[in-house]
Amino acid sequence: MEKRTPVFFFAPFVSSTMRVEPAWIDYNGHMNMAYYHVLFDRAVEEGFSLVGLGHEYLEKHQASFFAAEVHTVYKRELKLHDRVRVTLQLVDFDEKRIHYYLEIRHANEGWVAASMEGLSLHVDMETRKVCPFPDDIAANLAVMKTTHARLSRPQALGRIIGIPHKPEFQDALSASGTRH
């Protein structure tokens with residue numbers, strides 16, 4: 001019988017330090033929105049490799065996890081050479097899905113540049129269909145979730161995108177005969 005080493009997680013997981021690269025700066029003089037996702041993706045890879053879902057997992061099990069849905073909120077600009085770290089909190093998981101929350105933070109000053117809520121699916125790479133996590137990965141996810149459950153629930157979870165309408169604006173539209 002194989003002896004398992006207990007898994008230990010910090011809450012939240014904190015990525016290695018990353019730097020905004022010159023090619024990521026757009027004509028507005030700040031990091032283009034697409035590269036926030038590069039930073040988030042690198043942190044997801046780094047964080048979930050701790051539960052066994054890294055590149056070796058793909059090679060050994062012919063399975064991986066795919067992004068199914070993300071919601072990103074951009075809070076503050078990142079500029080050339082800014083150094084950042086990304087925090088990752090496992091919010092929930094079930095037999096085939098993981099739900100997580102991340103924040104990109106300035107490495108020296110600590111402010112939040114962006115947050116992302118994500119849902120990923122465990123996928124069999126041969127059939128390209130969603131499938132259950134193996135028992136060892138599910139056990140590691142359970143330990144991570146228990147550790148991360150001590151954290152407060154992020155306020156941005158489940159946030160809905162939209163334009164909140166003020167009553168006086170709606171009244172003005174109605175008075176002008178504009179339909180909604």
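This is a predicted model: local features need pLDDT of at least 70, side-chain atom pairs count only at pLDDT 80 or more; totals for chains, interfaces and linings use all residues.

Entry 1: Next I looked up the largest nonpolar core, which has 34 residues. Leu78 turned up again here: together with Phe48, Leu102 and Ile104, Leu78 touches the most other members. I then checked which elements supply at least two residues each, and found H1, S3, strand S4 (83-93), strand S5 (97-106), S6 and helix H3 (135-148). H1 gives the most to this core, with six residues. A reminder to myself: nonpolar side chains tend to be buried together in soluble globular proteins.

**Entry 2: the whole chain.** I stepped back to the overall layout. The protein chain has four helices and seven strands, and from the N terminus on I read the order as β-β-α-α-β-β-β-β-β-α-α. Of its 180 residues, 35% count as buried. For contacts between residues at least 6 apart in sequence, I noted that 69% join residues at least 24 apart. The chain exposes about 11400 Å², with carbon and sulfur atoms supplying 53% of it.

**Entry 3: the cavity.** How many cavities of 30 Å³ or more does a search of the whole structure find? I got one. The largest cavity holds about 50 Å³ of space. Its lining consists of His71, Val73, Tyr101, Ser115, Met116, Glu117, Ala156 and Arg159. Strand S3 (63-74) and strand S6 (112-124) are the elements that give two or more residues to this lining, and S6 gives the most, with three. By type, I noted four nonpolar, two polar and two charged residues.

**Entry 4: the second largest pocket.** I put the space in this pocket at about 290 Å³. Of the 19 residues that line the pocket, Asp41, Val44, Phe65, Ala67 and Tyr100 are the closest to its centre. Helix H1 (33-49), helix H2 (55-61), S3 and S6 each supply at least two lining residues. S3 has the largest share, six residues. The lining divides into 12 nonpolar, five polar and two charged residues.

Terms used:
Residues are numbered from 1 along each chain as its sequence is written. Side-chain values use heavy atoms; hydrogens and water are left out. On a 1 Å grid over the protein atoms alone, a cavity is a set of points where a 1.4 Å probe fits but cannot get out, and a pocket is an open set with protein on both sides within 12 Å along at least five of seven lines; lining residues have an atom within 4 Å of a point. Grid points are joined across faces, edges and corners, and a volume is the space filled by probe spheres set on the points. Ala, Val, Leu, Ile, Met, Phe, Trp, Tyr, Cys and Pro count as nonpolar, Asp, Glu, Lys and Arg as charged, and the others, Gly among them, as polar. A nonpolar core is a set of buried Ala, Val, Leu, Ile, Met, Phe, Trp, Tyr and Cys residues joined through side-chain atoms within 4.5 Å. Buried means under 20% relative accessible area, exposed over 50%, partly exposed in between (1.4 Å probe, protein chains only). Contact means heavy atoms within 4.5 Å. Accessible areas come from the Shrake-Rupley method with a 1.4 Å probe; for residues, only the protein chains shown count as cover.
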